[in-house]
Amino acid sequence: MPTDFTSFPVIDVGPLMEKRDDPKMGEDASVIEVVKQLDQACRETGFFYAKGHGISESLLSEVKKVTRMFFQLPYEEKIKIKLTPDSGYKGYQRVGENITKGVPDMHEAIDCYREFKPGTYGTLGKTMEGSNQWPLDPPNFKQLMEEYINLCTDVSRNIMRGIALALGGSPYEFEGDRAGNSFWVTRLIGYPGISSLKASDVPENDIGCGAHTDYGLLTLVNQDDDITALQVRNLSGEWISAPPIAGSFVCNIGDMLKIYSNGLYESTLHRVINKSLKYRVCVAYFYETNFDTAVEPLEICKNRTGGESKFKRAVYGEHLVSKVLTNFV
């Protein structure tokens with residue numbers, strides 16, 4: 001892996017979408033080229049842009065538009081869907097309530113998770129039980145977001161098929177008991193511009209979201225087109241900006257894929273600093289394993305890395321709950 005990088009590849013994932021139902025997709029020349037690009041991106045940076053995913057620019061814009069409309073509401077309206085332990089940690093959190101490594105983040109957000117019936121995962125799932133809290137204003141919010149989440153799930157599943165091929169497996173390594181019932185997470189995030197913060201709210205470190213890695217398999221970030229705030233740390237310790245590219249997702253791999261790949265792919269540290277005068281909106285979709293999956297290195301990856309597991313098995317739901325319980329004031 002290079003010790004440095006200054007930019008991220010733009011990958012057209014269209015062939016993965018077109019061949020999604022073909023069990024021989026790994027033999028297609030256009031898919032093979034995408035797989036090579038994914039492998040290089042996952043090995044070298046853990047970040048890439050995805051275009052050709054099939055989700056319209058109008059929908060990408062609309063979900064950011066309604067998110068911005070919600071965050072513009074008075075605080076008294078927003079806390080009607082306040083995130084609490086009783087809500088299964090779903091709902092709205094104001095600026096400074098989300099914590100990264102002990103430091104308050106300068107953003108507000110709505111957190112949503114795949115819903116499941118109480119008792120489905122026993123004690124393991126108790127913390128996350130509860131229905132998503134969707135704003136009533138704008139009135140089409142719930143319908144729009146559920147459509148968007150379904151499309152992101154489909155895109156992520158197909159990119160993961162390409163990543164499975166890149167690791168040397170079948171396209172379906174991350175389906176079935178591993179991620180066939182993906183426990184997705186969606187965060188609708190608003191980062192105040194520096195001019196809109198009250199003097200008492202301006203943080204010493206100006207971090208919109210502190211340095212962290214993501215928990216699951218793959219993240220799709222739909223960010224405002226005119227503000228550069230997302231930063232990724234390269235192996236030299238430098239922070240490299242990931243400016244928006246209209247119509248594309250910024251994608252990065254998470255902790256569970258790092259384990260599955262036995263370290264071939266690294267979940268890269270990233271953070272957000274909004275130095276713009278304008279309010280920034282970001283809609284982040286996280287494609288995860290099944291909630292109760294015990295994640296451990298794939299045999300094909302152990303064979304490529306000396307035959308031994310470099311990581312202990314981790315139950316995704318335990319990993320998620322441990323993070324959730326330490327992420328909020």
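**Close-up A. N262 in the loop between α7 and β13.** N262 lies in the loop that runs between α7 and β13, in what is a predicted model. Although N262 is not a glycine, its phi is positive, at about 55°. With a relative accessibility of 0%, N262 counts as buried, because buried means under 20%.

**Close-up B. Y89 in the loop between α4 and β3.** Y89 has its place in the loop between α4 (75-78) and β3 (91-93). The phi of Y89 is near 60°, which is a positive value in a residue other than glycine. The relative accessibility of Y89 is 13%, so this residue counts as buried.

**Close-up C. The cis peptide bond between D137 and P138.** The peptide bond that leads from D137 to P138 is cis, and its omega is near 0°. P138 is found in the loop between α5 and α6.

**Close-up D. Helix α2 and what covers its buried residues.** Helix α2 comprises 16 residues (residues 29-44), which at 1.5 Å a residue should span 22 Å, and the distance of 23 Å between its end C-alpha atoms agrees with that expectation. The buried residues of α2 are V31, V34, V35, L38, D39, A41 and C42. After α2 comes G46, which has a positive phi, near 75°.

**Close-up E. The largest pocket and its lining.** The largest pocket has a volume of about 590 Å³. Its lining is made of 32 residues, of which H212, T213, D214, Y215 and N327 are the closest to the centre of the pocket. By residue type, the lining of the largest pocket divides into 16 nonpolar, nine polar and seven charged residues. At least two lining residues come from each of the strands β4 (99-100), β6 (108-113), β7 (185-191), β8 (209-212), β9 (218-223), β13 (270-272) and β14 (280-287), and at least two also come from the helix α9 (316-324).

**Close-up F. Helix α9 and the elements it packs against.** Helix α9 (316-324), which supplies at least two residues of the lining of the largest pocket, has Y316, G317, H319, L320, V321 and V324 as its buried residues. These buried residues of α9 pack against the strands β6, β7 and β16 (314-315), and also against the helices α5 (122-125) and α7 (255-260).

**Close-up G. T123 in helix α5.** T123 lies in helix α5, and its relative accessible area of 74% makes it exposed, because exposed means over 50%. From C-alpha to C-alpha, T123 and F8 are 41 Å apart in space, while in sequence they are 115 residues apart.

**Close-up H. P243 and its contacts.** P243 lies in the loop between β11 (239-241) and β12. The relative accessible area of P243 is 35%, so this proline is partly exposed. Leaving aside residues up to four places away in sequence, P243 touches Y49, Q223 and T228. A separation of 8.3 Å lies between the C-alpha atoms of P243 and D225, two residues that are 18 residues apart along the chain.

How values were computed: Residues are numbered from 1 along each chain as its sequence is written. This is a predicted model: local features need pLDDT of at least 70, side-chain atom pairs count only at pLDDT 80 or more; totals for chains, interfaces and linings use all residues. Side-chain values use heavy atoms; hydrogens and water are left out. On a 1 Å grid over the protein atoms alone, a cavity is a set of points where a 1.4 Å probe fits but cannot get out, and a pocket is an open set with protein on both sides within 12 Å along at least five of seven lines; lining residues have an atom within 4 Å of a point. Grid points are joined across faces, edges and corners, and a volume is the space filled by probe spheres set on the points. Helices (H or I, at least four residues) and strands (E, at least two) are DSSP runs, numbered from the N terminus. Ala, Val, Leu, Ile, Met, Phe, Trp, Tyr, Cys and Pro count as nonpolar, Asp, Glu, Lys and Arg as charged, and the others, Gly among them, as polar. The expected span of a helix is 1.5 Å times one less than its number of residues. Buried means under 20% relative accessible area, exposed over 50%, partly exposed in between (1.4 Å probe, protein chains only). Contact means heavy atoms within 4.5 Å.
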